[in-house]
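Trainee: Can you walk me through this one? I have the sequence and the 3D view open.

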Amino acid sequence: MTAQQLKNSILQLAVQGKLVPQDPNDEPASVLLERITKERERLIKEKKIKKPKTTSRIFRRDGHYYESVNGGEPACIDEQIPFDIPDSWEWVRAGSIFEIWSARRVHQSDWKKEGIPFYRAREIGRLSDYGIVNNELFISHQLFNELSTSGLPKKGDLMITAVGTLGKVYIVRENDRFYFKDASVISFRNYGSINPEYLRYLIASAGFKEQITNESAGTTVGTITIVKAKEYLMPIPPLSEQCRIATKIKDLEKLVAEYHKHEQSITSLNTCFPAALKKSILQHAIQGKLVPQDPTDEPASVLLERIAKERAKMGKKAAKSMSRIERRDRGTFQILPEGKEIDITKEIPFDIPDSWEWCRLGAIASKLTDGSHNPPPKKSSGYRVISAQNIRNGKIEFFESDRFADQQGFDKENPRTNIKFGDVILGIIGGSIGNTAIYDKNDKVIAQRSIAIIRAYISSEYLVVLLQSPLFQQSFLRTRSGTAQGGIYLGELSQMLLPVPPMQEQARILMALSEILDGMPI
């Protein structure tokens, strides 16, 4: 249950007479309503309020609800009553206990930058939510005095938003001095001294909101009119119980607010925890802490020797760029092709098992290139030109909006990119940096500059684990540079350090990750 659902439940229990116990010593609501009727008659006689065109009296008889309108023959209204209430409570129409009115017209030309505050629905809504408002509109003192002859909101009256977000309530305070926009806000003049806090909670309850919504249905813009508002059904408890209900809800609101904080924390945890857990698991995997080492595994050093021999076959350029990394008692060193040694101990981010080895990404790649900086002219069909936008949730996806190139464009670009099934595709520009997927299509494609294509001598799946691990993701953030969006240069990418386990352990790591992450894209 959410905090809002909990609050709704509390309010609904309150207006059904189920939140606080009834007290048999309470003066019943029927007596309160009689006093309100007499007070209304007095105010009408003194011409302080207008005589209503319609009067209503609702009563119970033999387990049924009846309503008499303008003193006429009572009619059964059971189908209109949403729920039963305690015997000491009464159902009424809002127009029977309030004078429901709105303001006189104030034209936009009369708005001022200072003077008497002038409230629209948005200002009443902010007052309802926060108790204060940074008001933008005013009217002159002279106009306010002219308008006040027709009446002003008084302490305990309810100001209700009648457009926009319907039914927000502000209770007028002792020293409030303002005027309000006609039709945008309506006022419930509380001449019967009903507890205004109870009324505010009643109007905020789900049942009452449903009345507002139903009455507003079918209009282009939802509104509350005075005619509609007079017909709203309201359950009225004894005055003493109104006070007990308002006090109880106020106390419970503090608990609901605390509940909301915990709810937000849980929501945040549920949102962040899977990602944080995944990062932790991937980091454990590339540090050799996810699965046990097997002493019978062929060590990674033998794998790297084979890779070096394969790279040597690629020609002098590949051989010239090759280096190896050795761990010794006094540190870790990179041995360059010409035999020079460089101490890279400070570069090593963590220890790895003895059967593992450190190497540069470029040393285990048979291809490391990026897409075209100047892709061929755009065509509506032909060979697809993929980019970083095709990397979605750890997979390569094709879209109707993709760019295409003709045969000439493909022939120009393909010799360099030559993307094949199983190649690793890495986003290297802007917000795509670090997004990774394996190319798992048989379609012949070329690429744009926003991606790098990596073909490795080690498992492509394990390489994706490396690239998605915190080790590489943090490296990407540190090295992004060059363009307004930020980007990773291929030279920087090729020099990134990676921990290489034995081939057999790579397979065990991938199997363990598959079980732990249960289909979650790496």
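Predicted model: local features only at pLDDT ≥ 70, side-chain atom pairs only at ≥ 80, totals over all residues.

Trainee: Okay. How many helices and strands does the protein have?

Mentor: It has 16 helices and 26 strands.

Trainee: What does the C-alpha trace span along its principal axes?

Mentor: About 110 × 55 × 45 Å.

Trainee: And what share of the residues is buried?

Mentor: Of the 522 residues, 46% count as buried. As for the accessible surface, the total is about 28,000 Å². Carbon and sulfur atoms hold 51% of that.

Trainee: What about contacts between residues 24 or more positions apart?

Mentor: Take the contacts with a separation of 6 or more. Residues 24 or more positions apart make up 71% of them.

Trainee: Let's switch to helices. At what angle do H13 and H14 pack?

Mentor: H13 covers residues 460-468 and H14 covers residues 470-479. They pack at about 55 degrees, and their axes are 4 Å apart. Angles from 65 to 115 degrees would count as roughly perpendicular, and those under 35 as roughly parallel. This pair is therefore oblique.

Trainee: Which residues meet there?

Mentor: From H13, Leu466, Leu467 and Gln468. From H14, Pro470, Phe472, Gln473 and Phe476. Five of the contact residues are nonpolar, two are polar and none is charged.

Trainee: Why is H13 largely enclosed?

Mentor: Because eight of its nine residues are buried. Among them are Ser460, Tyr462 and Leu463. Val464 and Val465 are on the buried list too. So are Leu466, Leu467 and Gln468, which also take part in the contact with H14.

Trainee: New topic: Ser96. Where is Ser96 found?

Mentor: In helix H3, residues 94-97.

Trainee: What does Ser96 touch?

Mentor: Leave out residues up to four places away in sequence. Then Ser96 touches Ile36, Arg40, Ser56 and Tyr191.

Trainee: And how many Å separate the C-alpha atoms of Ser96 and Lys112?

Mentor: They are separated by 37 Å. Along the chain, the two are 16 residues apart.

Conventions: Residues numbered from 1 in each chain as written. Heavy atoms only, no water. Axes fitted to C-alpha atoms, helices over the stretch in contact; angles between N-to-C directions. Helix = DSSP H or I, 4+ residues; strand = E, 2+ residues; numbered from the N terminus. Parallel < 35°, antiparallel > 145°, perpendicular 65-115°, else oblique. Contact = heavy atoms within 4.5 Å. Nonpolar A, V, L, I, M, F, W, Y, C, P; charged D, E, K, R; others polar. Buried < 20%, exposed > 50% of the residue type's maximum accessible area, 1.4 Å probe, protein only. Areas by Shrake-Rupley, 256 points an atom, 1.4 Å probe, with all protein chains shown as cover.
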